[in-house]
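This report describes the packing of a protein chain and the pairing of its strands. The sequence and the structure are shown first.

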Amino acid sequence: MTEVVLHIYDVTNSGSDKTNNTIVQINKFFKDGIGLGGIFHSAVQVYGDDEWSFGFCEQGTGVFSCPAGKNPMYSYRECIVLGNTNHCIFKVNEILRELSREWPGHSYDLLSKNCNHFCDEFCERLGVLKLPGWVNRFAHAGDAAVEIAGTTAFRLRQAKTEIVTASKVAYRFFAGVASNNSPDSPGNSGRGTPRFQANWFKNFITTGAKPSGSDSEEVLGQQQQHGTETPLRQN
């Protein structure tokens with residue numbers, strides 16, 4: 001049995017001091033001020049002096065390690081003890097090997113598969129508490145927003161199609177009634193371009209722009225390039 005520690009950093013690897021300072025201020029306000037969340041990097045320490053996390057790379061595993069609390073890419077914030085794992089060091093090594101295969105670097109996604117998601121999965125397999133909700137709340141909110149936006153856009157397109165179809169049916173119906181009731185209906189048979197249909201739903205449907213992840217990616221930038229996993233060593 002050994003202690004499992006979560007290390008948390010402010011994400012300050014944007015390459016811009018102004019942006020980094022803004023992120024720190026955002027984290028102070030949203031996390032320290034109102035307890036909502038922020039923009040954080042996390043890593044898990046178990047057995048030994050290294051912490052384990054996940055980041056982007058074009059080839060190989062995205063799982064990597066570095067000395068606990070000393071990731072040079074970010075600004076260290078705090079640590080949280082998540083409990084004790086009953087797994088021996090050999091089992092932990094086995095779990096890390098499994099995660100290394102399951103989490104390739106190219107699969108990294110800012111909102112749905114980032115370092116915090118990895119730590120959640122790692123902690124679950126270690127049998128300890130998952131990350132506090134505030135650590136990854138911004139990513140969860142962003143992922144939900146993207147999903148809702150996509151679903152809404154689909155429903156709007158579907159609704160527009162149904163409205164167009166309904167308007168055509170209605171036009172043909174009224175045109176037929178008018179033709180049957182008109183004394184000079186043969187002369188009216190050529191009237192058939194339903195221009196008025198567009199006015200039925202003008203300004204009713206608007207197309208939304210697909211959310212861009214470029215700004216978020218600048219803030220949360222990709223992780224450093226790294227080699228293959230360094231196995232844990234038994235003390």
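Leaving aside neighbours within four places in sequence, with which residues is Leu-126 in contact? Leu-126 is in contact (heavy atoms within 4.5 Å) with Val-4, Val-44, Val-46, Thr-85, His-87, Val-92 and Ile-95. The model is predicted, with local features needing pLDDT of at least 70 and side-chain atom pairs counting only at pLDDT 80 or more, whereas totals for chains, interfaces and linings use all residues. Residues are numbered from 1 along each chain as its sequence is written, and side-chain values use heavy atoms, leaving out hydrogens and water.

Leu-126 is also among the residues with the most contacts inside the largest nonpolar core, which has 28 residues. Such a core is a set of buried Ala, Val, Leu, Ile, Met, Phe, Trp, Tyr and Cys residues joined through side-chain atoms within 4.5 Å; buried means under 20% relative accessible area with a 1.4 Å probe, protein chains only. The elements giving two or more residues to this core include α2 (89-102) and α3 (115-126).

The axes of α2 and α3, lines fitted to C-alpha atoms over the stretch in contact, come within 11 Å and cross at roughly 145 degrees, on a scale of 0 to 180 degrees between N-to-C directions. Among the residues that meet are Val-92 and Ile-95 in α2, and Phe-118 and Phe-122 in α3.

In β3, 4 of the 5 residues are buried. The strand pairings, which require at least two DSSP bridges, are tabulated below.

| Pair | Bridges | Direction | Opposite residues |
|---|---|---|---|
| β2 and β3 | 2 bridges | antiparallel | Gln-45 and Glu-51 |
| β3 and β4 | 5 bridges | antiparallel | Glu-51 and Cys-66 |

Note on methods. Buried means under 20% relative accessible area, exposed over 50%, partly exposed in between (1.4 Å probe, protein chains only).
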